[in-house]
Amino acid sequence: MDLRTEIAQSWRRAELSGLSPASAVDRLDVTDVDSRSRLLRAASPVLDELARQLAGTRFCVVLADDECRIVARRFSERSVELALENISAVPGCQFLEERTGTNSLATPFETRRGVSVDGDEHFLEAMKQFTCYGHPLVHPTTRRLAGVLDITGPAGDANPLLGPFLRRAVADIERRLLDGAKLAEQQLLAAFQSVQHRACAVLALGQDVVLANTAATELVDTADHRLLRELARTQRGLGRLRLTSGTPVEVRVEAVSASAGLLFELAPVRTSSPVVSRPRAARGLFPAPVDERLRGAGRARRRVLISGEPGAGRTTAARVVAGDEPVHEFDASDVVDGEAGWCARVETAAAAARGLLVIDGIQLLPPLAAVRVARLLDTTTAWFALLSGPPSELHGEQATLAARVHRRIELPPLRERRDEIPAIARALLRGFSDSLRLTPGALELLGSQQWPGNLRELAGVLADAADRRSAGDLTASDIAPGCSDPAPGAALSGWEQAEYDVIVRTLRACDGNKVRAAKQLGISRSTLYNRMRALRVR
């Protein structure tokens, strides 16, 4: 059977996830659906109109949310309902390619493009009885995936007019999402204006809107927005927490409406009052313990080995060690231009003994150059900082050179510092502009990324956004062009993040060979592909 390109690619993804055409879909897990979600409120009138126009046919309409979980259906015949139930196409069931193969919910969700799937084009045998058309819903404001709309009927009833029919319905829902967002902003503004003159700090947080009175501007930092949202998820009314500044506050939380946003009233409390313990965000680019060790090495003029992934800030860390002393940098990659000349320049600088000598990328040094630098460390009192990739990348003479330095500081990757990303992003942004701020939506998007390029990649995204907007608030849509996944799902849980890190480290150690990585992890290759997709390992 000759398959269209997009269908063949989808079949391949399903196979790599461990599915077979005979896999069952009649007992998939079902979770609760939020009947008051913004998507459902916007889509319901459109779904009702679609159902009216499709009355008397054997077609049904299915709506999935931004996690491809079915949230609504419309059909006119009991036989259609039974057919949907037989493949678990019921509210609360998540339709992903790794579970349901190629179909017009999972495949548009995966590809972010409209797709038609007819009969035998379905990967699973259980679904070959259907013909379906699916199209992603994109929020007009945030440009994030809001859901997927699908029309499904019996195989053999395919009609080319259903594609344009579906796209018109998608446009109607997207317009209603935009209108709903504007209404939500108006409701949030009205709620804020009604209480903004109170003596306490008043803050309103919408999906991509922040309103604050003078007291809130002075008390609350952008990095505190995430703490406040977390508090609101668990309670309403009064609560207590410690802001990133260290100030304990009493917080009154109120939901403005089902989707408009949250209203907070904050008042500082005595430090003796019980508060919810929250880790204080780092003020600099490095975690506080790492920063203190760097500065301690500088005060004592100790030689130091600074290691970390590319972009983790090794050069910046070396400058923290140097403090006010001059820095002389030597890049190991320059050795290719002449090993003897490069070593001679390092030896000359060591003889002058002024400031900190930084050798970047010692894992790249040829063996003879590594031996000469090691001998230099033994024969001079010059102050050195050696920079390298992760310790696992050091072998042979490079590892012997690193062993000459007893103070070792490893910089953690940015993905392990997710709670600090708001403060880090703000510190980096100040280097580009004093008149820009990051909205909660932008911070949420930044916090959802994996940042394989670490601080350097984050700084590049912020610099690019700052070039496009010279003043005001940077929103999620401003940040999205530089992010690897402009429409992320929920942030990974702690357990999922740990699993993500193990898979990434193993793949890196196996040079990207997934067969070897699966064997080293003790799992099958299909399970590895499945987990990579679920965790969005690139």
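1. Phe 123 is buried, with a relative accessible area of 2%. That is under the 20% cut-off, so the label "buried" applies. The model is predicted, so side-chain atom pairs count only at pLDDT 80 or more.

2. The structure holds one aromatic pair. Phe 123 is one partner and Trp 11 the other; the ring centres are 5.5 Å apart. The planes stand at 85°, so the pair is edge-to-face. The cut-off for that class is over 60 degrees.

3. Leu 124 is found in the loop between S3 and S4. Leu 124 is buried, with a relative accessible area of 0%. Which residues does Leu 124 contact, leaving aside neighbours within four places in sequence? The list has Leu 19, Ser 20, Pro 21, Ser 23 and Val 25, plus Arg 99, Thr 100 and Gly 101. Val 335 is 211 residues from Leu 124 along the chain, and their C-alpha atoms are separated by 56 Å.

4. A charge sits over a ring at Phe 109. The charged end of Arg 112 is 5.2 Å from the centre of that ring.

5. Phe 75 lies in the loop between strand S2 (70-74) and helix H3 (78-86). Is Phe 75 buried or partly exposed? Phe 75 is partly exposed, at a relative accessible area of 30%. Not counting residues up to four places away in sequence, Phe 75 touches Cys 60, Val 80, Glu 81 and Leu 84.

6. Helix H15 (residues 440-448) is mostly covered. Eight of its nine residues are buried. Among them are Pro 440, Gly 441, Ala 442 and Leu 443. Leu 445, Leu 446, Gly 447 and Ser 448 of H15 are buried too.

7. Helix H19 (residues 514-521) and helix H20 (residues 525-535) have axes that come within 9 Å. The axes cross at roughly 100°. H19 and H20 are therefore roughly perpendicular to each other. From H19, the contact uses Lys 514, Val 515, Ala 517, Ala 518 and Leu 521. From H20, Arg 525, Leu 528, Tyr 529 and Met 532 take part. By class, the contact of H19 with H20 has seven nonpolar residues, two charged and no polar ones.

Key. Residues numbered from 1 in each chain as written. Predicted model: local features only at pLDDT ≥ 70, side-chain atom pairs only at ≥ 80, totals over all residues. Heavy atoms only, no water. Axes fitted to C-alpha atoms, helices over the stretch in contact; angles between N-to-C directions. Helix = DSSP H or I, 4+ residues; strand = E, 2+ residues; numbered from the N terminus. Parallel < 35°, antiparallel > 145°, perpendicular 65-115°, else oblique. Contact = heavy atoms within 4.5 Å. Nonpolar A, V, L, I, M, F, W, Y, C, P; charged D, E, K, R; others polar. Phe/Tyr/Trp six-rings, centres within 6.5 Å; stacked < 30°, edge-to-face > 60°. Buried < 20%, exposed > 50% of the residue type's maximum accessible area, 1.4 Å probe, protein only. Lys NZ or Arg CZ within 6 Å of the ring centre and 35° of its normal.
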